[in-house]
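User: I am new to this structure. Please take me through it in short questions and answers.

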Amino acid sequence: MPAVNTLAIYPVRDVSVLRRQVRARRLTFFLLVVLGCSLELCYLALYPWLAGRGAKVDPLRHDWEQFWPGLTWAYQRLDWIPYVNLSWFPWHGLLYGHLYPLLVLLGASLFCIWLAVLAGNWAGRRILIRSTLYLGPLFGLILFFSILFAVTMVIAPLSLNELTRTMLVSGLYGRMVEFYYLNPYIAHSALLAHDPVQILLNYLPAQPSFTPGSVGPLWMDLSILIALISRSDPAQMILSWRVLALGVHIFNAILLWNFTSNQKPLQRLGVTLSYAWNPLVLLVGVALVHPEILLVSFLLLALFCLQRGANVLSWVCALLAFLVCPYALIILPLLFVFALRRASLQGCGWFFLCALGMLVVTVLVIFLAYIPYWKGWGVIGILLNLRDIFWQAHAINSLDAAILNMPVHLPANLSWLILPQNWSLGALTIIGCYLFFSLWFANSIETMLQCCGWLLLLWAILQPLYWPCYLFVPIVLALSSASRKTAWGALLLMLGALASYYFWQWPDVWTGQGLAVIGIPCLLWGWCIFFYATWQMALGRSNQPLEDDNNSPTFPIEHPPWASRPY
């Protein structure tokens, strides 16, 4: 059932209204078909860069092509660069060879998605009567192209680089448990020098930022399942991860459609399109599987259950999100307090039962998740891993990394501020202060959406470690909320995340990319908010009617006291 009875609000007075809705649906359907086909061509044209164009020896790509011998011919035919003479382009040396077409393809895909979102929002504003019936075929078309894009990424070629490390390391953790009977949280990978996955990882430079503690025990359990399916074949392991990500991505699109039917009924087509067809989610989430795509599922489930009044079930989904990515701990206090606040509206008895049930569920879920890895680890090991996540010792891709690698260094008496450990403490202080005020102000689903999105945006922006997958959840939450300014910031940071994906295709890693992928989007975001606020103030003053000063009230406006603010 639709969340809003649009038939009661907009009664049918004329058959021509329904005819206009049918015409709007047909036009939107045609536009989405054209834009979906264009996006599919863009994603197919990305195959040469997914295959690691220019890499001479790539054992992972060799294993993948041996596993899919029929697709090797297709990969060769889709490598369109040799058929185009690009030597006339003046950026040839600046952008490291033939990498600049990657920017063109990413820009074309974003332009197509922008047009699709405009078409979806236009249809949502015009199809108001029986909207579920009329918008159903459009959502079916979105879902069909989402499956097509995800399948395109499942069978896409891949190369051995830093962005594929997550899949390989996660598979290695599962093999540690299944075949070698080791605890991945305490065992060292040097013990598995003969393992085929570890042999592939040895081709990559050592990366101290990715440790077993950076993923939760639920993701470890999925790694064991993938290891059981793939056995000792790295290519089959990659395929298993991608098929899992495909299913999760489609589930997220369906869940987002149902969640926004109550939250943003007029823009749910555009919000679903922004996620389901997003090149960042498809490239980094499906082709290069990261645990954040599963984090989106559990957080959306938690919010969906809160929207329906299932407080305890929502808390269970929030705990599962924490067990996938432990840094989701920063939003758990907000969800816990909001669920208790909702329960308190139904009386003291229901509040007590809800609080007791959530505490019992917390102990039970945490115990069942961590007990398989308890031996040799214990509470001290769990706390040390959480410390490594929130008190980071290395800086990569972030603003901190860019400042550390600047040619002009800070004075000696200020250089201690930009050390990763001290930078992490400053970031946690800012996040903690924002969380404290969010606990007081979040009294509705909409406010909580904005607070959760801001918390995760602050985490992605301020931490010394930054990866494009950190933007998955903030993008979904920002687009689902009614705040236009938050959505602007999330979309600008999404552009920065795609730029980070592009920079990691360079032969030499750019250590100062944090200024481009975080600093410039935040700067543009601030200027957009400034000019928008200035325009609104000017427009408001020009439209304000002139009144006599004698009619203005002579008494001050009284506000309720701070402590008496209702829940």
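User: Which residues does Thr447 touch, not counting residues up to four places away in sequence?
Analyst: This is a predicted model, where local features need pLDDT of at least 70, side-chain atom pairs count only at pLDDT 80 or more, and totals for chains, interfaces and linings use all residues. Residues are numbered from 1 along each chain as its sequence is written, and side-chain values use heavy atoms, with hydrogens and water left out. Contact means heavy atoms within 4.5 Å. Leaving out residues up to four places away in sequence, Thr447 touches Phe441 and Ala442.

User: Is Thr447 buried, exposed or partly exposed?
Analyst: Thr447 is found in helix 21, residues 445-462. Helices (H or I, at least four residues) and strands (E, at least two) are DSSP runs, numbered from the N terminus. Buried means under 20% relative accessible area, exposed over 50%, and partly exposed in between, with a 1.4 Å probe and protein chains only. Thr447 has a relative accessible area of 23%, so it is partly exposed.

User: Which side chain does a polar contact join to that of Thr447?
Analyst: A polar contact is a pair of N or O atoms within 3.5 Å; within protein, one must be able to donate a hydrogen and the other to accept it, and residues adjacent in sequence count only if both atoms are side-chain atoms. For Thr447, the contact is 2.9 Å and its partner is the side chain of Ser444.

User: What distance separates the C-alpha atoms of Thr447 and Ser481?
Analyst: Along the chain, Thr447 and Ser481 are 34 residues apart.

User: Which residue makes a side-chain polar contact with Asn252?
Analyst: Asn252 lies in helix 11. Its relative accessibility is 0%, so Asn252 counts as buried. Beyond its neighbours within four places in sequence, Asn252 is in contact with Tyr275, Ile293, Val296, Ser297 and Leu300. The polar contact, at 2.3 Å, is with the side chain of Ser297.

User: Which residue's backbone oxygen does the side chain of Ser261 reach?
Analyst: Ser261 is found in helix 11, residues 234-263. With a relative accessible area of 10%, Ser261 is buried. At 2.6 Å, its side chain reaches the backbone oxygen of Asn258.

User: Where is Asn397, and what is its phi?
Analyst: Most residues other than glycine have a negative phi. Asn397 is in the loop between helix 18 and helix 19 (399-404). Asn397 counts as buried because its relative accessibility is 3%. Its phi is positive, near 65°.

User: Is Tyr181 buried or exposed?
Analyst: Tyr181 lies in the loop between helix 8 (165-178) and helix 9 (196-201). It is not a glycine, yet its phi is positive, about 55°. The relative accessible area of Tyr181 is 71%, so it is exposed.

User: What is the relative accessible area of Ile518?
Analyst: Ile518 is placed in helix 24, residues 514-543. Leaving aside neighbours within four places in sequence, its contacts include Asn397, Ser398 and Leu399. Ile518 is buried, and its relative accessible area is 0%.

User: Which helix supplies the largest share of the nonpolar patch?
Analyst: The patch covers about 690 Å² and is made by Leu364, Phe367, Leu368, Ile371, Trp374, Val379 and Leu383. Helix 17 (348-370) and helix 18 (378-390) each supply at least two residues. The largest share, three residues, comes from helix 17.

How values were computed:
Patches are made of residues with over 30% relative accessible area and no salt bridge: like charges are joined within 9 Å, nonpolar side chains (Val, Leu, Ile, Met, Phe, Trp, Tyr) within 5 Å. Accessible areas come from the Shrake-Rupley method with a 1.4 Å probe; for residues, only the protein chains shown count as cover. A salt bridge is a side-chain nitrogen of Lys or Arg within 4 Å of a carboxyl oxygen of Asp or Glu.
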